[in-house]
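Me: I'm new to this one and I'd like to know what stands behind the labels. Could you take me through it?

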Amino acid sequence: MPEHTSRFTSRRGLLFGTAAVGAGALLAGCTSNDSSDDEPAANDQPAAAESSGKPVTIGFAGPQADHGWLNAINDNAKNRAKKYSDVTLEITEGSNDTAQQIGQIETLINKKVDVLVVLPADGKALTQVGLKAMRAGIPVVNLDRIFNTPQAYRCWIGGDNYGMGLNAGHYIGEKLKGKSNAKVIELAGLDNLELTKQRTKGFDDALKNYPNVRKVARQAAEFTVESGQAKMAQLLQAQSSFDALWNHDDDQGVGALRAIDQAGRDDFLMVGGAGALSAFQAIKQDNGVLKATVLYPPTMAASAIDLARALGQSKGISGLSEFEIPASLTLYSAVVDKTNVDQYMSTGFK
Amino acid sequence: MTQHVSPPRGSADKVPPASESFAWRGVFARADVRTLSLLGVLAVLILIGGITKPDEFLDTRNLQLVLTQASVIGVVTVGMTFVITSGGIDLSVGAIVALASVWATTVATQEYGFAGILFTAVIVGVGCGLVNGLLIAYGGMVPFIATLAMLASARGLALQITDGRTQIVSINSVLDLGERDAYVLGIPPLVLVFAVVTIIGWLVLNRTTFGRRTVAVGGNAEAARLAGIDVRRQRLYLYLLSGLCCGIAAFLLIILSGSGQNTNGNLYELDAIAAAIIGGTLLSGGRGTITGSVLGVLIFTTITNIFALNNLQSDVQQIAKGAIIVAAVLVQRRTASTT
């Protein structure tokens, strides 16, 4: 080997090599993302029943956490489980591949966990494995993306996409009350997804209650910062004046706000969606167009752990009369604005 | 379908007389007829935009907007044009842009400020290009497979670094470059970078030995080797060049979006390849045109802009985009073969 390297031991080669190694070492140090307060979505809400009871092993399978909201889902589940001394959490490596996720859930079934919490990468495609778990006597808490049949889960808990649109529409409608000929635009999420259609439908339905408000434009971004910036820049160019904007997702909202800033526009009210920390902070500071955001709370994963624990211990939910947990729980998409943002700050995700 | 085909066909009628009207037509090589036909397509698009949305489309701000949106993918396409001209392909450009943009926006990198972000973005791009180049030129891997592997790994690494989080940039000197105050004589800095990269790319491809070697390797690698060209080293340099362009593009994207995210650069590989091919670069190698690629990018960006200004929804946009790609290539074929 050394015989062949003579060409590379020239001074130029040596200089280049040293520079490359140096750059590499410097770069490797630059992958760190640790900052002082990296504790996400702390859960201050009270747990269902604080006193510890029968030990429960909960298996958790979710998709690959490739964006902020899904990441917050995992964190919420983990942190909640840690709070209970009687809960052991078996968490799988998240996967977006249906076959892989089925395999992971089957492994959890074979391990004979007491309860399963499943956020499927694709609800319809994972129905069979949900059924399999239920038949094996393991109750399934289906998180957010719903299975094809209620037979595949004991309890479903998830967000309300239609309700998000509805509440965003009502908030904007109320704010624009008394303003004649008010114009509203919508920056939607990925149009391939059913949830985007539901959000838009809810938004349109709410706006029907306000005859003075008219939706003049809608463009779909892709839940990414890059697409949010690009689509928002075009929308701003297309509409020289409008009164309110609803953006489906706070992640793409980072890009949308950037475009608004770049265009130097501040003549309208903006409402976001999902509940990212950056959005909460902007709402609290109250020095930009973003005045509110509609929740799609990632805390549902913490609640799913609560439900799974209650199932494992054969308890109901405190505060309800029933001895059993409900079969289905649709969460409320609350509007967070300046008046209540402090309360939600700890649930904001990055 | 016929509705979408008809406007570019109109340009086909216009273009040949336009080119004949030049008395100094001899200046134009055969390849330039293609360029003129692309300009025709762009002119028709501008006409459509101007008719449907005169106030919003024909506006300085809109011109700035279209050129800015074209900058990021434009820089990537210049690099891609070189790779395709040499008979290769780089499927990893989008993933490299993603990796470079997240690596350059971590908390640790941002501590080094403007220079740290720029340096990291460029070096990560070049580093990925180096790996691609070594695997292809000296490892004997097929470019399709090597860059596909890079696509997967770079996306994975980007996800690992970000943990799926959006990394917001807080360095004002970087952010300010995306604001209107930074425009030089009305030209956004991003567009200036795009222009400089384009001009350098054009000069290198058309006026240097490096460019001629690239074309030779793409035309016939064996003949190029027999003519004394170090084909392996040339290939290595080309993927390095593509990586460098991705690094620059990542920096532009950081300025534009004020953040780094692992989803950045989604499907850039397809956009860049499509723009280069529409521009007249041969997918099989041996012929490449930077002017054509840039026009290809501008055609795509203009289409997107016109669609958004007219409030067309994603489904219609995608159908029409496909039809326009086919129409543009057909127009180009016809004009190229009739002259």
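Reply: Domain bounds here come from an automatic or database domain assignment. For chain A that assignment gives domain 1 (56-159 + 298-331) and domain 2 (161-295). Keep in mind that this is a predicted model.

Me: How far apart are the C-alpha centres of the two domains of chain A, and how many residues are in contact between them?

Reply: The C-alpha centres of domain 1 and domain 2 of chain A lie 32 Å apart. Contact involves four residues of domain 1 of chain A and five residues of domain 2 of chain A. On the domain 1 side, the touching residues divide into one nonpolar, three polar and no charged.

Me: What makes β2 and β11 of chain A edge strands?

Reply: Start with the sheet they belong to. It is an open sheet of six strands in chain A, in the order β2-β1-β3-β4-β5-β11, with parallel pairing. β2 (87-91) and β11 (328-330) each have a single partner strand, so one side of each has no neighbour in the sheet. That is what puts them at the edges. From one strand to the next, the twist averages 20°.

Me: How do you know that β4 and β5 of chain A pair?

Reply: Pairing takes at least two bridges between two strands. β4 (residues 140-143) and β5 (residues 155-158) of chain A have three bridges, in the parallel sense, so they pass. Across that pair, A:Asn142 stands opposite A:Trp156 in β5(A). A helix packs on this sheet too: α4 (residues 127-135) of chain A touches β3 (115-118) and β4, and its direction makes about 155° with that of β4(A).

Me: What is the strand order in the sheet of chain A that has mixed pairing?

Reply: That open sheet of six strands runs β7-β6-β8-β9-β10-β12 in chain A. β7 and β12 (335-337) are its edge strands, since each pairs on one side only. Within it, β9 (residues 269-274) and β10 (residues 290-295) of chain A pair in the parallel sense over five bridges. A:Gly272 stands opposite A:Thr293 in β10(A).

Me: Which helices lie against those strands?

Reply: One is α5 (residues 161-175) of chain A, which packs on the sheet and touches β6 (182-188), β7, β8 (244-247), β9, β10 and β12; its direction makes about 165° with that of β9(A). Another is α9 (residues 277-285) of chain A, lying across β9, β10 and β12 and running at about 140° to β10(A).

Me: How many residues does each chain bring to the contact between chain A and chain B?

Reply: Chain A gives 40 residues and chain B gives 40 residues. On the chain A side, the elements giving two or more residues are α1 (11-28), α2 (68-83), β7 (213-220), α7 (225-238) and α8 (250-263). The largest share, 10 residues, comes from α7(A). By kind, the chain A side divides into 13 nonpolar, 17 polar and 10 charged.

Me: And chain B, what is it built from?

Reply: Chain B has 16 helices and two strands. Of its 339 residues, 54% count as buried.

Me: How do you know that the span of α13 in chain B agrees with its number of residues?

Reply: Helix α13 (residues 231-257) of chain B has 27 residues, and at 1.5 Å a residue they should span 39 Å. The end C-alpha atoms are 39 Å apart, so the two agree. This helix is also largely enclosed by the rest of the structure, because 23 of the 27 residues are buried. Just after α13(B), B:Gly258 takes a positive phi of about 65°.

Me: Why is B:Ile290 called buried, and B:Leu270 exposed?

Reply: Buried takes 20 or more other C-beta atoms within 10 Å, while exposed takes 12 or fewer. B:Ile290 has 26, so B:Ile290 is buried. B:Leu270 has 12, so B:Leu270 counts as exposed. B:Ile290 lies in helix α15 (residues 290-309) of chain B, whereas B:Leu270 sits in helix α14 (residues 268-279) of chain B.

Me: Which residues is B:Ile290 in contact with, leaving aside neighbours within four places in sequence?

Reply: They are B:Val78, B:Thr81, B:Thr198, B:Gly201, B:Trp202 and B:Leu205. B:Leu205 is 85 residues from B:Ile290 in sequence, and their C-alpha atoms are 7.8 Å apart in space.

Key:
Residues numbered from 1 in each chain as written. Chains lettered and ligands numbered in written order. Predicted model: local features only at pLDDT ≥ 70, side-chain atom pairs only at ≥ 80, totals over all residues. Helix = DSSP H or I, 4+ residues; strand = E, 2+ residues; numbered from the N terminus. Expected span 1.5 Å × (residues − 1). Contact = placed C-beta atoms within 7 Å. Nonpolar A, V, L, I, M, F, W, Y, C, P; charged D, E, K, R; others polar. Axes fitted to C-alpha atoms, helices over the stretch in contact; angles between N-to-C directions.
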